[in-house]
Amino acid sequence: MAEAREDVKPIMETNNPASIIEGTSGDQNGSEASGEVKENIGEHQEQSVVMETSDQEGKEPERNLKRPLEDEQNSMNLRQRPRKRKKVPGPVLPKNALMQLNEIRPGLQFKFMSQSGPVHAPTFVMSVEVNGQGFEGQGTTKKKAKLQAAEKALRSFVQFPNASEAHRAMGRQIVNSDFTSDAMDLSDVCLFNTFESGEMQAKEGEVCIQEQPAEEKVQTQNGTSPEVPVGSFTPSPTVRAPLSPPTGKNPIMLLNELRPGLKYEFVSETGESHAKNFVMSVTIDGQTFTGSARNKKMAKARAAQAALAKIYNLVPAPPPGLQSIPSDNSSSLHTPQVLADQVHKLVLTKFGELTDNFTSPYARRKVLAGVVMTRGIEISDAKVICVSTGTKCINGEYMSDQGLALNDCHAEIVTRRSLVRYLYTQLELYLTNEGDKSIFMPREDGQGYKLRDDVQFHLYISTSPCGDARIFSPHETGAEGEATDRHPNRKARGQLRTKIESGEGTIPVKPDSAIQTWDGILQGERLLTMSCSDKIARWNVLGVQGALLSHFIEPVYISSIILGSLYHADHLSRAVYNRVSDIEELPPLFRLNKPLLSGISNTESRQPGKAPNFSINWTLLDEGMEVINAMTGKDDYGRPSRISKHDLYRHFKQLCGRISSLSEDEPKPLFYGDAKVKSLIYQKAKAQMYKTFQKAGLGTWVEKPIEQDQFDL
């Protein structure tokens, strides 16, 4: 009997080492003891093994499939088994400056610089190089010296005054330590938490947020601004480098974490019937931030993002290919995205005013363009100079040999002609008693005029200009989400293109189409007009003022080009200046202009349907907009446009002899074409541009028939 029990015991222990249940029966004959083992095998499996012994020696234990009933006492013992207690975790140490710097800039090397002081109280100096700039720290140990150096490095490019706020904005867990507890000594590990301290007091269990003004400059120990690494922060010439918000959190979520309980208010609903625009606002500490979008949810997100950018300097990183390209002009006075959104808002608002809040029949449009002028750093003082719409060119049979018809009614081209008209009015203003209000000032040598230093013009187009800038697939990217042009040398890239007469779209120039004849077009040959991308590239070399005004003023260049949709940094930059970057031997005053290129935060919706056959234009000081039939180049009554060649030539003739010119000889043209040809330096710069296109194999510029410029007033 004992041997049998000894044989059973190891089997029971092997089957269930965790729990063994033993019991004896209650009968008087001393019936066998029965044991039970229960073991979980998998999630839904249960196996029970019952071992029994008999009174006969040598009888092997048997297994029963059924489990015997447990007595009440054994059941109670099972229920009263003590549970394992979970270990209580100790206090979590906050991340010190060295740990946080290593997360942001992994792989940094600290160097031992020197050791001073007595042996029993040495002072160590350690240094680290971040963004090309060295930071030193000292302490009684090398560890403390490294911590102080890391603290100085973090202070140079992180805009948050404390680690908790930095972690909260970056989506990391915030440790709310009890600073009254003596469970740990935080004197060494909280060096980063104490820089710029004394301004923030944290209550137990919460983190106090202290906002930093976005206009405050980042200063290092020596008072200079550190270089911000590309890819980590968006560069800004006058403000702290913005930090990208954490991924996975939309602006509303992030702002709610920083400022719980905010309420968003509906402001207005504007826009055309097929492209509504909603405006939402949120107020924080007396400051109201607004956002506009095609629906209220997106508008709330825009308002939240505006608050994050202003208060916390958090700016989302744009997707690949949508980053702004800064201007080559180092004197840029505005943050790119803020400027782009403000210019778009001003142009759209003015267009709404001209079309009775988009209810006018002339509010229909495919492309909207406008020019905004800024003077100084205050964007709030910006003025809308001109607004226009249009997507069609004149029918060849309506060409005018008196300069009375507009050949090209695309919005960008009409806007540029309206800007030229404004420049004429400013020169005329200079001749009056209010000359100090003009945007022009005399040149240093006394010959001709130039723009005042604080004047900048910003071109807005609701979509990418036709031609090379629009020849790409906006929803296709390369491997791993890259948005750069994977085929920059393909034949279609950079080619000069012409618009289709009485239609939309462009085609590459043909080798035999460089010269157009008047009689050939009247007989049925299609009138070819260079694409808007090609003309904008021309403006970036020759200026927007044209040949006639070049007699009097220096070239006027656009400071920024802002697109409302279909913005792609690589394709737009190639189209408007990169493809002529090899231009050489430009005459004095002319240069290759590289303006700021940017999209807007709230991209415009695509305008489906057939394009209207009219074009509207408005210039500052005009009472109302002018409507031009794009097929005839005149208004519906057959009257010439106020921005036609004939009208602009009239302004030119009125200035001749009254103001000084860039050359010593006063212009005395016989007719319109002669006046253009006599602007010698302008013609030389134009010839160099045409030569650059041909040398690069991009085609030959197509000129209009010369007969249309041989007219006089």
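Predicted model: local features only at pLDDT ≥ 70, side-chain atom pairs only at ≥ 80, totals over all residues.

The crossing of H12 past H17 is right-handed. On the H12 side, the contact is made by Ala537, Arg538, Val541 and Leu542, while H17 brings Tyr682, Ala685, Lys686, Met689, Tyr690 and Phe693. Sorted by class, the residues of this contact are eight nonpolar, no polar and two charged.

Now turn to another pair. Helix H10 (residues 411-430) and helix H15 (residues 645-655) pack with their axes 11 Å apart, at an angle of about 20°. Because angles under 35 degrees count as roughly parallel, H10 is roughly parallel to H15. Here H10 passes H15 in a left-handed crossing. H10 takes part through Arg417, Val420, Arg421, Tyr424, Leu427 and Glu428, and H15 through Lys645, Leu648, His651, Phe652, Gln654 and Leu655. In the contact of H10 with H15 there are six nonpolar, two polar and four charged residues.

Finally, let us look at a single residue. Arg574 belongs to helix H14, which spans residues 569-576. Is Arg574 buried or exposed? Its relative accessibility is 12%, and buried means under 20%, so Arg574 counts as buried. The side chain of Arg574 also makes a polar contact, at 3.0 Å, with the side chain of His571.

How values were computed. Residues numbered from 1 in each chain as written. Heavy atoms only, no water. Helix = DSSP H or I, 4+ residues; strand = E, 2+ residues; numbered from the N terminus. Buried < 20%, exposed > 50% of the residue type's maximum accessible area, 1.4 Å probe, protein only. Polar contact = N/O pair within 3.5 Å; in protein donor to acceptor, adjacent residues only side chain to side chain. Axes fitted to C-alpha atoms, helices over the stretch in contact; angles between N-to-C directions. Parallel < 35°, antiparallel > 145°, perpendicular 65-115°, else oblique. Left-handed = near helix turned anticlockwise from the far one by under 90°. Contact = heavy atoms within 4.5 Å. Nonpolar A, V, L, I, M, F, W, Y, C, P; charged D, E, K, R; others polar.
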